[in-house]
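Let's take a look at this complex together. The report below goes through the packing, the contact between the chains and the confidence of the prediction.

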Amino acid sequence: MMRNDPIKHVFIWPAVLVVLAISIFPLIYSLTTSFLSYRLIPPIPPRVVWLGNYATLLQEPRFWNALFTTTLIALIAVGLQYAIGFGVALALNARVPGERLFRVALLLPMLLAPVAVALVARMIFNPTMGPLNQFLSKFGLVNLPFLTNGHWALACIIAVEVWQWTPFIILMMLAGLQTLPEDVYEAAELENASAWQQFWGITFPMMLPISAAVVFIRLIESYKIMDTVFVMTGGGPGVDTETLTLFAYQEGFKKFNLGYTSALSFLFLIAITIIGVTYVALLRPHLEKRR
Amino acid sequence: MLRRTFLMLTTSLAMACAASQANAVCSPDYTGVTLTVASQTGPYIASALKLGADEWAKKTCGKVNVVEFPWSELYPKIATSLTASDATFDLVSFAPAWLPDFVPYLSEMPKEMQSGKDWDDIEPAYRERLMVWEGKIYSQSMDGDVHTYTYRTDLFSDPKEKDAFKAKYGYDLAPPKTWKQYLDIAEFFQRPDKGLWGTAEAFRRGGQQFWFFFSHAAAYTNNPNYPGAMFFDPETMDAQINNPGWVKGLEEYIRASKLGPPNALNFSFGEVNAAVAGGQVAESIGWGDTGVIAADPKQSKISGKVGSAMLPGSDEIWNAKTKKWDKFPSVLPGPFMAFGGWQIAVPKAGKNQKAAWDFVKTLTSPEVSGQAAITGGSGVNPYRKSHTANLQLWSKIFSPEEAKQYLGAQSDSINAKNVALDMRLPGYFSYTEVVEIELGKALAGQTTPQAALDAMAKEWNRLTDEFGRAKQLAAYRAAMGLPPKN
């Protein structure tokens, strides 16, 4: 087949059309809707408001609160997941006895549905009937308001996130650790480098590219947190634990405020893009040093 | 050849006989028809629908497929299906408050169903008010919902408790007539060291919380001198939710939250029932399910000790017109038709509308619905006169005294002259969402009751303007049973 053979179009265009149909067109439709005042219930005819929805959202304290809450959950949860996950991966890589059993057991939380995890967590954190409070009451800590106080509720959500998603970090980091060359460590041993020096001088820098990728994936995923919050607190008390996705869900699927929700989705996209770009820009000098 | 013809004839005759027999059993015959009903996740309501489905299947040979969705998902699922005009559901079960949003997509109830013995048996509060929208019937009540008061008779009849209570508060321990008395009783029985708390109500966002708040406020805002002005001024559609009556209601609701079990702020109605049936609280308010569950020895520790009464009231009610408190010669009970009872309707887009309405007839017949009403966990509370009149029916779960009190509370509440109707308005979720958010803040002490209510009123007025004030006013007046404004 020649490079300019028109037959190539027969093979290319169906794929292009499918991509357009399932990805680009909905995105364009959603962008168009974001410039409209458009409610499905009660039915209000669409009216062009241009950037009106965006302006309203940017002046809406609830939006900023949701952005702050989501960022807080994402940063703290991913930070803890990375620290714990890397530590556990190092331990598993050191060939501890029963390593295989640990590896399987530690991966289990990741395989569970977030809704199921959240339901179990809600029971565990129940102040009167939950086992956690029963245990803590033996130390004089009676009926802690785990899910009814804003700060406690956020901490509980973060704890559940860390419990469920640290295994992902363990899995990825362990895979990375197992690809590191042995000879570098042998050379370090000959130089009498301590375990701590080996970690900071060899392991951490060599694991930086995979760390960057893993943290980036988790960060983006954490910004999309919805089911855990929905089940555990419903965004409450008040809006103390309301995340961006939950806010969008309330507006879109409870109030059917389609224009506003579309604008919210695009602001969410912009926020994620800014975070992603900033993250990559901050890490780039360190990553390029490794090349 | 002759033999073969004879055989064929005999077979045909036998088949015809069998078919006619089947038709006689299936009346009307809906063999091959499968109806799909949207319901909230069981057992509440879904189990009642399944009970009706079994009866309908026996009667008509048709099938009913009950599709269950979690409560929080039900509205979006139904709304999406209706607005898309698809035929996913032949029937939808829903909250009366959603009716204004769904009306454009629902078929009207057949005229023949709107008369007769079974029709007249439905309590007028449902038949003439909740089932009606702009003079037409689009749905049928399949459950009756009014908030009532539940208490532990063993505590209330204990002479020691009675003496101690009188010594402390200066009046007899009895089901409260006012909300102040309700809070006194809760305070009196607040004994965490003994595993006993005062009261249980729903306070959780998304956990039917705001209906409990509305029940408190109804006593101070549903003024018979200016009917229909509980939520909005029926002349101007200005939000009333921040008037002094509502402030008093909210202050007392917050006070009740502090007189419940430690986890009360996370209580939805399910937890309220568990606390009552577990004997954790001395009193409670809520739907009729509480009394039925508490009476069931399989589910309850206080079976045989369940008392019921109407909700407390007030002798002072805020008048939204004069902007003053109206004083009444005696305490007016404040029953509130919280939620109002599940409705079932047939979408216009449905392909089996005749069969669907026939299923509604069976489901809501006095016999089938009566059975559902006495089944704990069915979610069906009395909505027919025959439900509350038939004491024998209730003797299966209640003692005679319990039954008398329970049915008396239900019947008196529904038929009270001053019974407050729940809000039904297009864009209902938009209105109640802000209530839930601000209630959460007020309950957590992050804002004052007045500030929380001011925020609600501001958002309600903004929403009313956005949806069209005249349109919303007309809808509100229709929901409150007021004539259209000229």
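## Nonpolar cores

In this predicted model, the largest nonpolar core has 163 residues, and the members that touch the most others are Leu91(B), Leu250(B) and Phe359(B). Take Leu250(B) as an example: leaving aside residues up to four places away in sequence, Leu250(B) touches Phe213(B), Ala217(B), Ala442(B), Pro449(B), Ala452(B) and Leu453(B).

There is also a second, separate core, this one of 35 residues, including Ala121(A), Phe125(A), Ala153(A) and Tyr260(A). As background, nonpolar side chains in soluble globular proteins tend to be buried together.

## Where the chains meet

Turning to the interface, 22 residues of chain A are in contact with 25 residues of chain B. On the chain B side, helix 3 (71-83) and helix 19 (428-443) each supply at least two residues. Helix 19 of chain B gives the most, with seven residues.

What is the make-up of the side of chain B that touches chain A? Its residues divide into twelve nonpolar, eight polar and five charged.

## Confidence

For the complex, the predictor gives an ipTM of 0.78 and a pTM of 0.84. Chain B has a mean pLDDT of 92, with 95% of its residues at 70 or more.

Where pLDDT is low, the predicted coordinates should not be read in detail.

Definitions and conventions. Residues numbered from 1 in each chain as written. Chains lettered and ligands numbered in written order. Predicted model: local features only at pLDDT ≥ 70, side-chain atom pairs only at ≥ 80, totals over all residues. Contact = placed C-beta atoms within 7 Å. Helix = DSSP H or I, 4+ residues; strand = E, 2+ residues; numbered from the N terminus. Nonpolar A, V, L, I, M, F, W, Y, C, P; charged D, E, K, R; others polar. Core = buried A, V, L, I, M, F, W, Y, C linked by C-beta atoms within 7 Å. Buried ≥ 20, exposed ≤ 12 C-beta atoms within 10 Å, placed from the backbone. pLDDT = per-residue confidence, 0-100.
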